[in-house]
Amino acid sequence: MTFTYIVTDGMGSAQATVTVNVIHHSDQHPPDISHIVDQSLIEGTHVNVPFTVNDDYTLPDNLILNVTCPNPAVYLNLIGTGVNRILQIEGMGPVSSDTVTLTAKDEDNASSSTSFQVAVAANPNLPSFSFSS
């Protein structure tokens, strides 16, 4: 940023141009992720879980989000932009209980995570198949 200043003492004046460079120094404060409670759903259905992400320096849209669950029967989808987001969880098959971890990383590579349990109950209304030889 450049600006010009003028100094006057009643006898005359002087002016000069000054350039100010602002250098961002990270404090390595990680992003904030709201707490997510444990989730339960029925096989073949989904639940939309609202959560928020924010950071002191990185804009919410520039945060890198990652969500994982080791169980392939739990389908996860991140929806939205800005501070308010949605994690859509779909149960593709029965899961007694497994851990979902949501991680946010900012532009300074500081990261934070939150974890919760998800359980998917079998859906008795889904067709079942059996094969015999």
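User: Why is asparagine 109 called exposed?
Analyst: Asparagine 109 has a relative accessible area of 55%. Exposed means over 50%, with buried under 20% and partly exposed in between (1.4 Å probe, protein chains only), so asparagine 109 counts as exposed. This is a predicted model, where local features need pLDDT of at least 70, side-chain atom pairs count only at pLDDT 80 or more, and totals for chains, interfaces and linings use all residues. Residues are numbered from 1 along each chain as its sequence is written, and side-chain values use heavy atoms, leaving out hydrogens and water.

User: What makes the phi of asparagine 109 worth a look?
Analyst: Its phi is positive, about 65 degrees, although asparagine 109 is not a glycine. Most residues other than glycine have a negative phi. Asparagine 109 sits in the loop between β9 (95-105) and β10 (111-121); strands here are DSSP runs (E, at least two residues), numbered from the N terminus.

User: What makes β4 and β6 edge strands?
Analyst: The open sheet has 4 strands in the order β4-β10-β9-β6, with mixed pairing. β4 (39-42) and β6 each have a single partner strand, so one side of each has no neighbour in the sheet. The twist averages 25 degrees from one strand to the next, with axes being lines fitted to C-alpha atoms and angles running from 0 to 180 degrees between N-to-C directions.

User: How do you know that β7 and β8 pair, and what does the turn hold?
Analyst: β7 and β8 share 6 antiparallel bridges, so they pass the cut-off of at least two. They form a hairpin with 4 residues between them, and glycine 80 in the turn has a positive phi of about 105 degrees.

User: What makes a set of residues a nonpolar core, and which have the most contacts inside the largest one?
Analyst: The term covers buried Ala, Val, Leu, Ile, Met, Phe, Trp, Tyr and Cys residues joined through side-chain atoms within 4.5 Å. The largest such core has 22 residues, and Phe51, Val74, Leu76, Leu87, Ile89 and Val100 have the most contacts inside it. Its largest share, 4 residues, comes from β9.

User: How confident is the predictor?
Analyst: The protein chain averages a pLDDT (confidence in each residue, from 0 to 100) of 89, and 93% of the residues score at least 70. Confidence is lowest in strand β1 (residues 2-8), at a mean of 77, and highest in strand β6 (residues 64-68), at 98.
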